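Hi,

Here is the structure I promised to pass on.

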Protein chains: 2
Amino acid sequence: MASNWIDIRDEIRRRVLERELLPGAKLPNDQELAEEFDCSRTTVQRAMLDLAQSGTVNRRRKGGTTITLHPITRTTFDIPITRLEIEAAGHEYGYFLVSRDILMSPPRVASSFGLAEPTKMLRVRALHMADKQPYIFEDRWIAHDTTPEILDVDLSRESANEWLIRNRPYSDCEVRFLAKRATHEEADLLAADVDEALFVMERTTWINGAPITTVRALAKPGYQLVAKAN
Amino acid sequence: MASNWIDIRDEIRRRVLERELLPGAKLPNDQELAEEFDCSRTTVQRAMLDLAQSGTVNRRRKGGTTITLHPITRTTFDIPITRLEIEAAGHEYGYFLVSRDILMSPPRVASSFGLAEPTKMLRVRALHMADKQPYIFEDRWIAHDTTPEILDVDLSRESANEWLIRNRPYSDCEVRFLAKRATHEEADLLAADVDEALFVMERTTWINGAPITTVRALAKPGYQLVAKAN
DNA sequence: ACAATTAATATGTGCATGCTTAAAATTTTT
DNA sequence: AAAAATTTTAAGCATGCACATATTAATTGT
């Protein structure tokens, strides 16, 4: 008779799905649910924690538990290291440094860090390849004042991304997905047509508020990011 | 002296950040950590649950807890209902039905449901507008054999999405992000240039294995999806 | 009428204990 | 001796109970 937390979660989820519980509806409190499901309040709590994390319900102390008013699709994407993504797909990984310069960051880059003023940064552009074919082109800006060691790294051998992941921890990360038309140069690098639509992943990282790096990764035409929701 | 679960989580996270714990490293078991942090195993378990869900550690019964070998960027996106997204941004929402037909689904659509054979489906194309400007164009296919009521709905007044959300629960959902070049017609509808790069969100839903709907949403030029990771 | 205080209530946290699972070690079988 | 079946055991996982904390509502004081 007594339920475990997964049964409870699934049953509440079913009630939401079957419209027995409508968006905005208030659930009985944990104690009452525990009686209904013939278990302790802890077990109900465990189920509710999961439902709250998946965005199905909202919980507020004293306010109780309510079904999320406006249904959303909550999706979790794992963005891997490009080399590993390529190798996991069974392809041969290749890496090619396109350019390495110390430049003033353009407004787009400064603003992605939330900075008003452009600063001098290390800009690294590189190409990741799968089975000799272009896969992802990355255009990276590194705040070398917070990570001076990067200036001594041979970036023609290893991608800045992998060096940074091994050596420069970050505390905050912002991710941004968008689409962008290929410029002449980008089309050339990615073996794409000019004006081809490219899928773009931008990532910016900070350590305790200080900028580390921002990268715009342009994927080859046809690239897709897939996830299962719910 | 005794720690709470958030302190423990943050301390483990700090050790990973500071490279005191390297990728692949094995953590002490919950019992030992409980002694170190002067608390019960349950409290450690709670911290570890959180770390596992954020992708920082992997836990295996008997195998113990290890730091994730290949760091990934795990990001959670909440994709809202378009009307609410527009209204939340303080814009006036507009909706316009472009077409409504019963057609054989093309291979692309059949395969997104995992079906080999094309079937007859209801195809609805509609435009969502923000302050009279095109915002998102959606091209939707609905399996009307599993949802026959949709055939009686006046889709010139309400978007199929909102009707479905209110009336047709789903159990599984797949999300896909990509970029696509605007065709003449798409450019026209979205007030974009031909060949403009469009950000595309595709969502396919099922109820217990049976197809419900698949939608390709083309966002206006400049659209971005943003999330904080970690 | 308004602000400050107090009470009530629902969720959150921590601890103790027992259960479940998967890897490793052992035994049995072929 | 190798392979299959079994037992052991070391980990994480789940649950029941008691207490902490936040938020709302009611009450009291000015």
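By contact I mean heavy atoms within 4.5 Å. With that cut-off, the contact between the two protein chains takes 51 residues from chain A and 52 residues from chain B. Before going on, some housekeeping: this is a predicted model, so local features need pLDDT of at least 70 and side-chain atom pairs count only at pLDDT 80 or more, while totals for chains, interfaces and linings use all residues. Residues are numbered from 1 along each chain as its sequence is written, chains are lettered from A and ligands numbered from 1 in the order in which they are written, and side-chain values use heavy atoms, with hydrogens and water left out.

First, the protein-protein side. About 4,500 Å² is buried between chain B and chain A, with carbon and sulfur atoms giving 51% of that (buried area is the accessible area, 1.4 Å probe, that two parts lose on being put together, summed over both). I count six salt bridges between the chains (a side-chain nitrogen of Lys or Arg within 4 Å of a carboxyl oxygen of Asp or Glu). One salt bridge joins the side chains of R181(A) and E196(B), at 3.6 Å from N to O.

The two chains also pair strands: strand 10 (residues 225-229) of chain A runs antiparallel to strand 7 of chain B, joined by five bridges. Strands here are DSSP runs of E, at least two residues, and helices are runs of H or I, at least four, numbered from the N terminus; two strands pair if DSSP finds at least two bridges between them. Within strand 7 of chain B, V175(B) stands opposite A227(A).

Now the DNA. Which residues come nearest to DNA strand C? Of the 20 around it, they are R41(A), R59(A), R61(A), N4(B) and R41(B) (near means a heavy atom within 4 Å). Sugar or phosphate accounts for 67% of the DNA strand C atoms within 4 Å of the protein, and bases for the rest.

The side chain of T65(A) instead has an N or O atom 3.0 Å from a phosphate oxygen. Helix 3 of chain B gives the largest share of the surface near DNA strand C, three residues.

Cheers

Definitions and conventions
A polar contact is a pair of N or O atoms within 3.5 Å; within protein, one must be able to donate a hydrogen and the other to accept it, and residues adjacent in sequence count only if both atoms are side-chain atoms.
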